[in-house]
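Start with the ligand, then turn to the helices. Keep the sequence and the 3D view side by side.

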Amino acid sequence: METQRRLRATVENTIEYLPVESLETIAERLGVPPEQVAKLDANENPYGPPPTVIAALATLSDLHLYPDPDQRRARRALAEYTGAPFDRILLGNGSDELIDLLLLAVVEPGDDVIVPVPSFGVYLSRPPLFGARVVTVPRTETFTLDLAAIEQAITPRTKLIFLASPNNPTGNLVTPHELERLVRTGVLLVVDEAYYEFAGTTLQAFTDRYDNVIVLRTFSKWAGLAGLRIGYGIFPPHIARALWRVKQPFNVSVAAQAAVEAALADREWLMERVERIRRERERLYAALLRYPFLRPYPSEANFILCRVHDGRAHELHAHFLRAAIVVRRYDDEWLRDDLRITVGTPEHVNRILEALDTFPA
Ligand SMILES: Cc1ncc(COP(=O)(O)O)c(C=O)c1O
């Protein structure tokens, strides 16, 4: 009792977002060497970064100095990569941090944040910590946005709408037409393009035309740098200014800032791997369609959501685990019957298919 009273009520009551386990923890639990584990539960990129990025990191100097609080070199590289103005770009310690910074800058206690569900769990777990209420709006059968329902859910207290495109975990895009309609509500729209490079299409043009559209991106997926925690956003000027005020001065490390420059300088290497993953995604999708107990959903990202019939999703998850394959399973009401499989190397895909062949039908 005593210790509980020291905590804020929102911390006591908030939904806990359970991050995936580390490779080491999983390997230890399964009793196999880490290199035998196919870690396909967090949409990481098995190819990692190019050798040039590793070389740039190995030769970093001045590590006794704090990183550039203005992130100038990394922002210049990102301005060149995205075509967005330097002044409207800001980096975070992962795009996760940018989500927190936005909430910090924008919501007052009692405000609403709208999340079309199912979507990325962080959109549900973080807003209550800032005093905001999460209003979930179910997507349609095929996971497209229910625009009328979103519009109906908007009140004067609505501060943000989170729109992942491609959406995690459903893999589908927000269309320009859908975004156009939501822009007219005047609510600040967070278009989270964490998987942009795998989709090859972006809604970034909206950030030039409207002051209520934000685009978030990350180096965790396409650039194979999840471990360094690098996210960035393209923000309307007034939001960018607010974020500079609320962010910690040294939120992005020297290593992360250097990796941005090096990765963008070697984008051909990276995009060649992105292309391989896209090819494997199509091969895996076509193969999954052939199992009568599965229903894969088309995906524009580096993962495939797959419905498992007859309430056997958790059983299949355990079956994969026995083969040292880790995929994402869910306990929530929307995704209980689904598994999300990260698309890895051709060998990963082969292992998935071999395991499926021995799943008792
Ligand atoms: C839609 C979406 N946004 C953001 C993130 C977090 O990215 P980062 O590693 O940059 O924090 C993820 C990671 O899974 C994601 O799926």
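A polar contact is a pair of N or O atoms within 3.5 Å; within protein, one must be able to donate a hydrogen and the other to accept it, and residues adjacent in sequence count only if both atoms are side-chain atoms. Asn168 has a polar side-chain atom 2.7 Å from an oxygen atom of the ligand. The side chain of Tyr195 places an N or O atom 2.7 Å from a ligand oxygen. Arg229 has a polar side-chain atom 2.7 Å from an oxygen atom of the ligand.

This is a predicted model: local features need pLDDT of at least 70, side-chain atom pairs count only at pLDDT 80 or more, and totals for chains, interfaces and linings use all residues. Residues are numbered from 1 along each chain as its sequence is written, and side-chain values use heavy atoms, without hydrogens and water.

Now the helices, which are DSSP runs (H or I, at least four residues) numbered from the N terminus. Helix α5 (residues 72-82) packs on helix α13 (residues 254-265) at about 30°, with axes 8 Å apart. That makes α5 roughly parallel to α13 (angles under 35 degrees count as such). Axes are lines fitted to C-alpha atoms over the stretch in contact, and angles run from 0 to 180 degrees between N-to-C directions. Contact means heavy atoms within 4.5 Å. Arg73, Ala74, Ala77, Leu78 and Tyr81 in α5 meet Gln257, Val260, Glu261 and Leu264 in α13.

Helix α4 (residues 51-58) also packs on α13, at about 145° with axes 9 Å apart. Here Thr52, Val53, Ala56 and Leu57 in α4 meet Ala255, Ala259, Ala262 and Ala263 in α13.

Terms used. Helices (H or I, at least four residues) and strands (E, at least two) are DSSP runs, numbered from the N terminus. Angles under 35 degrees count as roughly parallel, over 145 as roughly antiparallel, 65 to 115 as roughly perpendicular and the rest as oblique.
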